[in-house]
Amino acid sequence: MALSALPAAGGCFCVALLLAIIADSDPGAVYEQHRWLGVVVAAGAVCAFAAMMGWATLRHGGVPAPVLLMALVVAGVPFALPGGLFLPGAATAVAACAALASAGLAALDARHFAAAWKLLAPGLQARFGGFADWRSGYKYTVANSPGSPRVAPAAGAATVGLTLLARDRDACGRTVVRRFAVTWRLARTEAGWRATSAEARRLSGAPAAAYC
């Protein structure tokens with residue numbers, strides 16, 4: 001999924017290269033003879049790349065800000081290289097940033113339970129039986145992939161619906177894939193938005209086997 005950022009990255013570098021060719025018919029000379037234009041091209045391409053990378057991964061949850069900052073640095077490296085090394089440097093940067101996106105999206109399933117628990121309202125926390133019980137419910141979770149959310153705002157509240165693709169490991173070690181219709185109800189509090197209720201209805205896939 002993270003490789004969906006790859007076309008966006010390649011497109012940004014292609015635009016930058018095209019501008020360089022138009023400016024001086026030499027992709028390398030624009031950075032050596034027209035420094036101001038080189039800076040504009042480089043900065044525009046790098047910022048556009050980071051923005052497109054974030055947008056392309058948004059449907060999968062988006063990559064964390066530190067990953068995008070690393071991508072900015074990596075994407076800028078080709079523009080600091082001699083003209084003849086621009087193309088191989090750009091290709092390497094695109095591949096490296098695609099790998100960064102993969103690592104960044106993987107971090108979404110890195111079990112940040114404590115941070116997620118704080119986003120639940122006290123009533124919902126009690127309904128889940130406390131932090132330990134709630135966390136143990138994810139013991140066999142391999143990954144979750146949420147679909148595009150549908151938001152219905154109200155005064156100081158909102159209802160969010162989405163389709164969740166869940167991959168769990170059963171007692172036999174097999175990966176079970178299921179789809180759920182999930183509905184979250186949110187409320188604005190002094191500490192920010194908090195989830196007040198959560199409902200999930202299985203749409204497809206068999207329940208994970210408790211015994212092998």
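Helices (H or I, at least four residues) and strands (E, at least two) are taken here as DSSP runs, numbered from the N terminus. The model is predicted: local features need pLDDT of at least 70 and side-chain atom pairs count only at pLDDT 80 or more, while totals for chains, interfaces and linings use all residues. Residues are numbered from 1 along each chain as its sequence is written, and side-chain values use heavy atoms, with hydrogens and water left out.

**Overall architecture**

The protein chain holds eight helices and five strands. Along the sequence, these elements follow the pattern α-α-α-α-α-α-α-α-β-β-β-β-β. Of the 212 residues in the protein chain, 34% are buried, where buried means under 20% relative accessible area, exposed means over 50%, and partly exposed lies in between (1.4 Å probe, protein chains only). The accessible surface of the protein chain comes to about 12,200 Å², and 66% of this area belongs to carbon and sulfur atoms; such areas come from the Shrake-Rupley method with a 1.4 Å probe, and for residues only the protein chains shown count as cover. Contact denotes heavy atoms within 4.5 Å. Among contacts in the protein chain between residues at least 6 apart in sequence, 50% join residues at least 24 apart.

**Nonpolar cores**

A nonpolar core is a set of buried Ala, Val, Leu, Ile, Met, Phe, Trp, Tyr and Cys residues joined through side-chain atoms within 4.5 Å. The largest such core has 13 residues, of which F49, M53, A71, F79, C97 and L100 touch the most other members. At least two residues of this core come from each of helix 3 (35-56), helix 4 (65-80) and helix 5 (86-106). Helix 3 gives the most, with five residues. Another core, of six residues, lies apart from it and includes F113, W117, L124 and A195. In soluble globular proteins, nonpolar side chains tend to be buried together.

Strand 2 (residues 150-154) runs antiparallel to strand 3 (residues 157-169), and five bridges join them; two strands count as paired if DSSP finds at least two bridges between them. Within this pairing, A152 stands opposite T159 in strand 3. The two strands form a hairpin with two residues between them, and G156 in the turn has a positive phi of about 70 degrees. Strand 2 is hardly covered, since the count of buried residues among its five residues is zero.

A salt bridge is a side-chain nitrogen of Lys or Arg within 4 Å of a carboxyl oxygen of Asp or Glu.

| Salt bridge | Closest N and O atoms |
|---|---|
| D168 and R178 | 2.7 Å |
| E199 and R185 | 3.5 Å |

D168 lies in strand 3 and R178 in strand 4 (residues 175-189), so this pair ties together parts that are 10 residues apart in sequence. D168 counts as buried because its relative accessibility is 10%, and R178 counts as buried at 14%.

The E199 and R185 pair links strand 5 (residues 192-204) with strand 4, 14 residues apart. E199 is partly exposed at 43% relative accessibility, and R185 is partly exposed at 34%.

S197 also lies in strand 5. At 14% relative accessibility, S197 counts as buried. Leaving aside its neighbours within four places in sequence, S197 is in contact with L124, R127, T183, W184 and R185.
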